[in-house]
Each structure stands twice: as structure tokens, then as C-alpha cells.
Amino acid sequence: MTYNFDTLALHAGQVPDETFGARATPIYLTTSFVFKDSDQAAALFNMERAGHVYSRISNPTNAVLEERIAALEGGVGAIAVASGQAAMHLAIATLMGAGSHIVASRSLYGGSHNLLDYTLPRFGITTTFVDPRDLDAWRTAIRAETRLLFGETLGNPGLDVLDIPRVAALAHEHGLPLMVDSTFTTPWLMRPFDHGADLIFHSATKFLGGHGVAIGGLLVDGGSFDWDKSGKFPTLTEPYEGFHGMDFSEESTVAAFLLRARREGLRDFGACMSPMTAFQLLQGVETLPLRMERHIANTRQAVAHLVKHEAVAGVGYPELDNHPDHALAQKLLPRGAGSVFSFTLKGGRAAGRKFIEALRVFSHLANVGDAKSLVIHPASTTHFRMSDAALVAAGIHPGTIRLSIGLEDAGDLIEDLNRGLAAAAKA
Amino acid sequence: MQIEINGQAAYAYTGGKPFDASLPCVVFIHGAQNDHSVWGLQSRWFAHHGFAVLAVDLPGHGRSAGSPLPSIEDLADWIELLLERVGAGDTANFAAKTVSLVGHSMGSLTALECAFRHPARIARIAMIGTAVPMPVSDVLLGPAKDNEPKAIAMINSWSHSPRGTVGGNTVPGMWMLGAARRLMERQKPGVLHNDLAACNAYGHGMEAAAALACPALIISGSRDMMTHPKAAAKLAAVIKDVRSVSLDGAGHALMAEQPDAVLDALRAFIV
């Protein structure tokens, strides 16, 4: 028999501890693991036996989290890393080197955009950014040296719904994998591998953890992409002198990518996750289905309230008829289009500031996906240096507010929004 | 390692070391709808401990070209051709038989039949997750022919023990059920039905077992629903020189669920 999502969220990857019978996942807060004898030590180093050697490479607590997210995503395995940014970097560094090229959606989290647009070019990896809704733009941007297509399941800031089936088909036509950042949707709202994506990463800091106490990232491999057939990924299909001359795709038909990422990327770049963090994230994942259901229910009430409010110029949420991706969201995100969205106040920057300052339940900070409701006014924080005209060009109005709807009582949230809206109207 | 057999390109993983025909050889033979990668850990150990390893992709599977062979007898002859082609256990050059065959499920039947039909160079066989006969019900054969995703889901569900279904993989970060499913999905259309039909049709396994001239090892999972341990016990009863090992709690996917225990049993038998 196999188990369904909600059961896997609680159990996948962990059997009760055989020594003491611990039901919860033990925290193996140790840097290293004692070898039984010299033969076992050599076998572990040479991948003749499975197990743990050093917690930068693998750790039993982290392994439970990795296995659990792989089960929830329908992948073959996963690697836990220090942050979502570390997961993205690990994926790119595993797939390519200097001279390679990425085609990415232009609707990205700022940190991802920075990595692609400013930092990676210094290491010889360049990116062309495209309108995620324009399939011809994706196609035109692909070059001989392209090695990856990348987008977010729900883009930033306009919640563009990535048309994964079509972008994945295009990628595969060119022998390329599609990687998606699935942080905003989590596997509870959508499983990108089911739609054709090849790699997924999460900032587990957000909804997977849900409590806002731990920074972490997860990189998941769908195991379907044929690296050999593509012929564009020598890091996975040719002997690697840095690890026993291993040809990773020969070694593992379905997990070549994860093997190289762990045996090279974690080993050499070292962006590992603490076992304590893995434990904290596991506590969050256990309640992911319940939390996501509540996130969506509260979001729908907040959206419905804001849409009809006279102080609001517009609400951008894919479940609304006027959102450009409404039909796609109905198809790919039937359980809901996330709980992070933006709306625009009729006033400008001043209205935005007044709105924020009047709130009591929403926390004013730069994060999303917490159990608590969060708010930020881009024009006075993340984008404060930009002129009103530059903001509009970036798709952000001076009066735009981003909300991350939490798990509080929906009535209390709406009352708080009303408090802010009343203050904004007087600005 | 690429080898040409019957005019077709065939592939065998050599455990991370070049194949050396002068060494005692261990041939790993995968089961239905699988490939060499199910033997990753065990094959690497033998290759790095004085053995020449051939973890094959059977014809039409994984990296080996051609169509899948329709019967266990054909598969057994193919293994013999492979050994001949690479010069493993060549009786003209070596006085002693030096080839060990290790097979899982369909591969275990192949190993048995190969040792029965071509005893000259086979020193021993290890049969993992085995039953003789190995009937496959229409409940599975039907979907294998008409609805492969459904058949793969059924096999995946039945091949893992209750513990394996939850996880706790000894290979860090790997989700056993996901990897098994993807590996089956990677095979060409039609392979699954061919393989299961070959297992179902293999009729004289008990005669082959009774006539077996070399020692045999049988490794069973106590929670194997695909090849029940009782069937393995019946098989063991007719083999003259047999050793049986039961892995407590393991399902049919023994190499994934209990890789170290499988390796330890093979070491004790072969080394």
C-alpha cells in the first residue's frame, strides 16, 4: 500500500527510533558519525554502503526532512540546505559552469533576481529574463549554451502563474530541464513534477516551516530528466575526478543530479542545514495540509473584502476573474493560489505608510509564509529608492501593499485591514 | 561498459572500476522493468574488493538496445553470451569456475536457468526475492499490457514492506517509492508486460533447481508480497547445496530496503 499526502506529511521518511523508540524525529546534533570498523569506513566513503559520515554531507535528521519533502512532491529525493538561495545556487552549480546560460522568468523574488542578474555573471553564468506568460519569449531566449529554464510557480510580485506544462514541454524540446521555485505554493497546492517540471526548490523558511523560526532550503529532483539523452550536462554524464572518477548518470539512472549535488555541491560549497533546523522544519511540515487549508480560506475572505472596499484600487489574486492567469490558476491551482498577494491603495506612498502604521495584527516585516499575518509596503521599504515612475515600470504602484495571510481568525484580520484602510483613506 | 551481443549494443555497469576478466566475476541481473542501478551499492563493493563486476542492463532495458527478450530461457542464453563475449570465467583459460550470478526477481530466474543450461563457468548463484514458479496474475498482467502507469503503481505498492512504504531510506535523502517508480517509468513501453509474461511462463524452474550443480543462496524478505518467503522455502527444499537468508521486515525491493544486509549475505556466500 502507499499513503496519501496528509499521512506522508506526518510520517514519510521516519520510522520510530530503533534504540529508544522515540516517536518524534530525534535531533542528531552531531558533526560526525563513528565508523564500526575500517572496512565500513572505506565502504561509506566509496559509496559501497549507505550511511552518514559528516553532517555537512548528510545527517539522519536532515535525511528525514529530505525524504519527506521528496515524498510530498512526488520526487526521487531531496537535499536540505541552509536557505532557499542556497538551494537555487546548488542546483545551478551542479548543472553548469562558466559560459552557460539560463532563461528565467522576469517575475522573480528579488534575491533570486540578484543571484542571476548580478552575481552569477561574475562567475560566467548569464541569464536572459523573459515575460513568463510569453512562450515565444522563452523560446527565442534559448541559446546553444542554455542549460536551464527557471521560474516561480507564482511569480513576484504579480502572482503570474507559471504555465509549467507548456514551459516544461518547450524546455524538453531543447533537451533542457525546467526548475521551479515552489515556495509560494508548496506541494499541497501544486506538485510541479506532475505537470512536467524537473527540479523544484523551496525556501522552507516560509510555508513548509510555517512558524518563522528557521531559515532553510530544499532542493528536490523529479528523477525524470534524461541527462544522457540531452547530452548537455557533462557534470552528470562524464567521469568526475573529484569523486572517484564517478559518472553520476551511470551510477544512478534516476538520481544522478542529487548524487553530484550532494557529493560535490554540499561537500565543496558547504551550505548545509543544521539538524536543529531540520527538526524545526519537520514540525512545520507535519501540519502543512491543515495550515495551507486555513491560509487559503483566510486569503479568500481577505481578497473578497478588499475587492469591494472603496479605498482599494485593485487586488491581484489569480482566483479573481480579472487576473491575467485566472484560467491557468483554475487548472493548475484548484486548491488555491497561495496566501501572498498584493493590493493597491487609491492613495500613493503616504497612504501606504498610514495603512501599515495603523495595523495591529499584521506584522510589518520582510518575509512571507509565516503562521502570523505579515505586511509590507514596497514603496517605503524594499523599493524605497525608486521613483513613482520607476515603481510603476517594475509593476509596483506607490500604493501597493503586499500581504501574507496567516492563520489568525479571519474576522480579526478583516477588522485589522479595515483599521489600516480607514487610516489610508485619511492620508 | 558497452558490449556487443548478437549485433546489439549492451551495457553493463562495472562498479566504478574497469572490468578485468582475469578476476573472479560477479554478474548482477536486475528484475522486471528495472536496470543496473538497483545494484549500486552492492556492485560497487564487489568491484572494489577483487571482483570483476557486470551489473547488466538486460536487452531493451536501461542503456541496452534492442527489444526485451521474451523468455527466461532467452535471458539465460544472453547472460551466457555476455560471459563468453567478455571472457569471464573462460574455462579454456581458468581451471576453476569463477562466475557468480546474482539475480533479483526475474533476474533470479535468469540466474537459475543460466546455471542450469550453461553450468561450465558458473560457480554459484544468488537468488534474491525469488519464487519458483513465479506466477503473475491477470490483475497485474492486464494493466502491464494496457495501462503501464497503473501496473507500475501496483508493483510499487506491493514491492515495499510496511516500513519501506513510510521510508527511512538508508541512502540519505532518497525517497524509495519515488525512485522505484521513476526507474520503472524510464523503461520503454512494452517492456513491463514482456518481463512479467516471461516470469509467468517460466515453467521448469523446479526441475532446473533440482538439477542445479552449483551452490545457491536464497535471500528472502519476510514481508515480501511479490515473491512470498514460503515460495522461496519450497525452492530451497529442492536445491542440493543451498543457503537461505531471511531479512526480517524486508519487502520485495530488498536491495533498496536493506542494502547492507543484502551485501553481507552476498559477501558471506561469494567471498
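Reader: What is the bridge partner of B:Ala126 in S7(B)?
Author: B:Leu217 is. Strands are DSSP E runs of at least two residues, helices H or I runs of at least four, numbered from the N terminus. This is a predicted model, where local features need pLDDT of at least 70, side-chain atom pairs count only at pLDDT 80 or more, and totals for chains, interfaces and linings use all residues. Residues are numbered from 1 along each chain as written, with chains lettered from A and ligands numbered from 1 in written order.

Reader: How many bridges join S6(B) to S7(B)?
Author: 4, and the strands run parallel. Two strands pair if DSSP finds at least two bridges between them. S7(B) covers residues 216–221.

Reader: And what about S5(B) and S6(B)?
Author: Those run parallel too, joined by 6 bridges. B:His104 stands opposite B:Ile128 in S6(B). From S5(B) the chain crosses through helix H3 of chain B, residues 106–117, to S6(B) in a right-handed β-α-β crossover. Right-handed means the path from the first strand over the helix to the second runs clockwise, with the strands pointing away from the viewer.

Reader: How many residues of S6(B) are buried?
Author: 6 of its 7. Buried means 20 or more other C-beta atoms within 10 Å of the residue's own, with C-beta atoms placed from the backbone.

Reader: New topic. How many residues of chain B are in contact with chain A?
Author: 33, against 40 residues of chain A. Contact means C-beta atoms, placed from the backbone, within 7 Å.

Reader: Which element gives the largest share on chain B's side?
Author: H7(B), with 6 residues.

Technical notes. Two residues are in contact if their C-beta atoms, placed from the backbone, lie within 7 Å. A residue is buried if 20 or more other C-beta atoms lie within 10 Å of its own, exposed if 12 or fewer, and partly exposed in between; C-beta atoms are placed from the backbone.
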